[in-house]
Amino acid sequence: MDGNFYLDALVNGDSKVISKIYDVNFKQVKRFIVQNKGNAEDAEDIFQKALLQIAVRHKKDGIQINTSFDGFLFTVCKNLWRRELNTHKKRVTNSEVVELVSEAKDNANAIIEQKRQELFIEMLDRITENCKMILSLFFAKTPYAEIVANTEYTSETVVRQRVFKCKKKLTELIKQDQRFNSLREL
């Protein structure tokens with residue numbers, strides 16, 4: 001089943017499908033959050049926030065998922081958790097003052113972050129297959145020496161130049177898109 005089936009199920013509150021989404025995805029999200037300074041309660045909160053956020057966005061914007069729903073959901077959860085960790089760092093905590101970032105702004109920032117990622121993935125699809133391959137390796141933190149060994153490139157210098165050119169092209173495509181300016185920080 002495609003990702004849009006799951007989006008519709010979330011919007012319609014289909015408890016069987018939502019239960020299946022939970023069964024298939026929660027363990028991975030929980031493992032990620034626990035490995036990154038969280039606990040089981042944090043994982044449940046983030047998972048619920050992600051499902052709600054996805055449902056609201058689909059209902060409001062009619063989002064489409066071009067990747068697997070599971071991967072999309074995991075990415076939303078990761079982004080929400082990273083934002084949560086950053087929020088904790090920014091909290092001022094002493095005996096008298098505890099400053100909390102408003103949840104509405106936090107959710108808005110998470111939605112913007114997700115839309116940025118969607119724009120990034122969409123533009124990644126528009127560059128050449130060669131650039132897509134070289135950037136995938138680069139973003140996966142594959143060492144340049146390994147890229148040289150597994151491709152037709154002759155040296156690390158050539159790979160670095162290719163990565164630079166491909167990143168530049170991707171950046172240009174993103175900046176040319178009309179959505180780019182609306183996806184800056186709040």
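Modeller: Let's start with Cys77, which is buried, its relative accessible area being 1%. Buried here means under 20% relative accessible area, exposed means over 50%, and partly exposed is what falls in between, with a 1.4 Å probe and protein chains only. The areas themselves come from the Shrake-Rupley method with a 1.4 Å probe, and for residues only the protein chains shown count as cover.

Before going on, a word on what you're looking at. This is a predicted model, so local features need pLDDT of at least 70 and side-chain atom pairs count only at pLDDT 80 or more, whereas totals for chains, interfaces and linings use all residues. Numbering runs from 1 along each chain as its sequence is written, and side-chain values use heavy atoms, leaving out hydrogens and water.

Cys77 has a partner worth a look: Phe47, which has Cys77 among its contacts. Contact means heavy atoms within 4.5 Å. Leaving aside neighbours within four places in sequence, Phe47 also meets Ile21, Tyr22, Asn25, Phe26, Val29 and Leu73. You'll find Phe47 in helix H3, residues 40–61, and with a relative accessible area of 0% Phe47 counts as buried too. From Phe47 to Lys78 the C-alpha atoms are 9.6 Å apart, although the two residues are 31 places apart along the chain. For the helix names, helices (H or I, at least four residues) and strands (E, at least two) are DSSP runs, numbered from the N terminus.

How many helices and strands does the chain have? There are eight helices and zero strands, so the order from the N terminus is simply α-α-α-α-α-α-α-α. Of the 186 residues, 35% are buried. Among contacts with a separation of 6 or more, 63% are between residues 24 or more positions apart. The chain exposes about 11900 Å², with carbon and sulfur atoms supplying 51% of that.

Now to two other cysteines. Cys131 and Cys166 are joined by a disulfide, S to S 2.0 Å. The rule is a pair of cysteine sulfur atoms within 2.5 Å, and the count by this rule is one. In general, a disulfide is a covalent bond between the sulfur atoms of two cysteines. The link of Cys131 and Cys166 is left-handed, with -75° about the S-S bond. Because Cys131 sits in helix H6 (residues 129–139) and Cys166 in helix H8, the pair ties together parts 35 residues apart in sequence. Cys131 is buried at 7% relative accessibility, and Cys166 is buried at 0%. In H6 the buried residues are Cys131, Lys132, Ile134 and Leu135.

Past the end of H6 comes Lys141, in the loop between H6 and helix H7 (144–150). Lys141 has a positive phi of about 60° although it is not a glycine, and at 74% relative accessibility Lys141 counts as exposed. Lys37 also has a positive phi, about 70°, without being a glycine. Lys37 lies in the loop between helix H2 (15–35) and H3 and is exposed, with a relative accessible area of 74%. As background, most residues other than glycine have a negative phi.

Next, the largest pocket, with a volume of about 450 Å³. A pocket is found on a 1 Å grid over the protein atoms alone, as an open set of points where a 1.4 Å probe fits, with protein on both sides within 12 Å along at least five of seven lines; lining residues have an atom within 4 Å of a point. Grid points are joined across faces, edges and corners, and the volume is the space filled by probe spheres set on them. The lining has 19 residues, and Gln64, Asn66, Phe72, Glu118 and Leu119 lie nearest the centre. By type the lining splits into five nonpolar, eight polar and six charged. Here Ala, Val, Leu, Ile, Met, Phe, Trp, Tyr, Cys and Pro count as nonpolar, Asp, Glu, Lys and Arg as charged, and the others, Gly among them, as polar.

Asp177 lies in the segment after helix H8 (156–176) and, at 14% relative accessibility, counts as buried.
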